[in-house]
Amino acid sequence: MKITSARIIVCSPGRNFVTLKIETDEGLTGIGDATLNGRELSVASYLQDHVIPCLIGRDPHQIEDIWQYLYRGAYWRRGPITMTAIAAVDTALWDIKAKAAGLPLYQLLGGKSRTGVMVYGHANGSDIEHTVDEVLRYADMGYKAIRAQSGVPGIDKVYGVGRGTMFYEPADADLPSEHDWSTEKYLRHTPKLFAAIREKLGWDHHLLHDVHHRLTPIEAARLGKDLEPYRLFWMEDATPAENQEAFKLIRQHTTTPLAVGEIFNTIWDCKDLIENQLIDFIRTTVVHAGGISHLRRIADLAALYQVRTGSHGATDLSPVCMGAALHFDLWVPNFGIQEYMKHTDETDAVFPHAYTFKEGFMYPGDVPGHGVDVDETIAKKYPYQRAYLPVNRQQHDGTLWNW
Ligand code: KDG
Ligand code: MG
């Protein structure tokens, strides 16, 4: 089999998505997600100008060799743009291989390790009362695990509280919007939120929380300690992870499990945190960490240290990434949980898919490949629209902070 063509489909059915479609001389095609929120066109150009010319004529079955060719061959290794582009190629090639075999992708990885994939949904509210109601609504929908984010009194816009009731869409403007931030207010508020949730919800559900890189290590340690009575499944991105030593300090102070990795691109970003047992969950995902081939390497390293997976799955990861992630999750032995935010109906129409949700679990389906397609005719109705993630500033003096 030979790759005869490859092309990029950019569309915006409510938000931007970049999709790579690879075609072969045997008529089989595969698709991969290449969406990097707020920097979509950079990946599209990287693929179009630098990767696609190298793919034509290659055997799509040689997934590993093509991966190494694109990673080592570029000379400039790693980084979000490169690794998202490689991920798109890798995902599309796994799709083709599985279709050629006539098997759902999880069978090629080693088959099912579980009956379904536990996912967590997003309960977002403007205040504690509203968030508690949202958590209860998610429990009613069958979710076994729920992430809770709430508005904080005295802070104008807070991460995780956004438009829509089933999804949170942060890329909200054609120039970055500005949020304000107060660590003191947030730290006072958040333990009260989880106390209120446990009081109404009880103890039969997993609860998660995303700090979104807002705290210094000692502040994160304090929050972890304050949240211990509510037995969180995880506290996510408690502090920025460029300096990974910081996690030692957090670890020394709290038994609240730690999750990190949605902005990591390679196993090298994960290595020290995993080997030093400074985290409990690694959140790298198919689209931003080099595809299924590379995610498998990260998961295998993590398994040595009883670190489990918890892949990122916000709405900026397209249904193509979601489909591939669910096949991966069904197989990966050290699975922890999968994030799931429902896409809009417009997005689902552009990307018809085999995966389903039932009672808090997801199932990738059994069609050959990863089970997600792209309807190019519908996609054409939604042209690209520039959209940025917000920035965050300290409340009183406007110092630029972590978003
Ligand atoms: O593109 C950024 C979003 O995917 C991110 O803000 C969502 O933190 C996020 C999460 O945990 O889903
Ligand atoms: Mg996050």
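The legends below describe several close-up views of a predicted model.

In this predicted model, local features need pLDDT of at least 70 and side-chain atom pairs count only at pLDDT 80 or more, whereas totals for chains, interfaces and linings use all residues. Residues are numbered from 1 along each chain as its sequence is written, chains are lettered from A and ligands numbered from 1 in the order in which they are written, and side-chain values use heavy atoms, with hydrogens and water left out.

**View 1. The magnesium ion (ligand 2) and its coordinating residues D210, E236 and E262.** The ion is held at 2.0 to 2.2 Å by D210 (OD), E236 (OE) and E262 (OE); donors are N, O and S atoms within 2.8 Å of the metal (3.2 Å for Na, K and Ca), and since water is not among the atoms, sites may look incomplete. Along the chain, these donors follow the spacing D-x25-E-x25-E. E236 belongs to strand β8 and E262 to the loop between β9 (258–260) and α9 (267–275), so the pair ties together parts that are 26 residues apart in sequence; helices (H or I, at least four residues) and strands (E, at least two) are DSSP runs, numbered from the N terminus. Both E236 and E262 are buried, where buried means under 20% relative accessible area, exposed over 50%, and partly exposed in between (1.4 Å probe, protein chains only).

**View 2. The surroundings of ligand 1.** Ligand 1 is surrounded by 14 residues, of which the closest are N37, E236, E262, D316 and E339; a residue is counted as near a molecule or strand if one of its heavy atoms lies within 4 Å of it. Polar side-chain atoms of N37 and of Y159 each lie 2.9 Å from an oxygen atom of ligand 1, and a polar side-chain atom of E339 lies 2.5 Å from an oxygen atom of this ligand. A polar contact is a pair of N or O atoms within 3.5 Å; within protein, one must be able to donate a hydrogen and the other to accept it, and residues adjacent in sequence count only if both atoms are side-chain atoms.

**View 3. R147 in strand β5.** With a relative accessibility of 1%, R147 counts as buried. Leaving aside neighbours within four places in sequence, the residues in contact with R147 (heavy atoms within 4.5 Å) include Y120, H122, Y159, H209, D210, E236 and E339. The C-alpha atoms of R147 and V135 are separated by 8.1 Å, the two residues being 12 residues apart along the chain.

View 4. At the start of α5, a side-chain oxygen of D127 reaches to within 3.4 Å of the backbone nitrogen of E129, and just after the helix G142 takes a positive phi of about 105 degrees.

View 5. T266 caps the N-terminal end of α9, with a side-chain oxygen 3.0 Å from the backbone nitrogen of W268, and α9 is followed by Q277, whose phi is positive, near 50 degrees. Q244 is placed in the loop between β8 (234–236) and α8 (246–253) and is buried, with a relative accessible area of 15%.

**View 6. Y75 and D237, two residues with positive phi.** Y75, although not a glycine, has a positive phi of about 70 degrees; Y75 lies in the loop between α2 (63–73) and α3 (80–101) and is exposed, with a relative accessible area of 63%. D237 is likewise not a glycine and has a positive phi of about 45 degrees, but D237 sits in the loop between β8 and α8 and is buried, with a relative accessible area of 2%.
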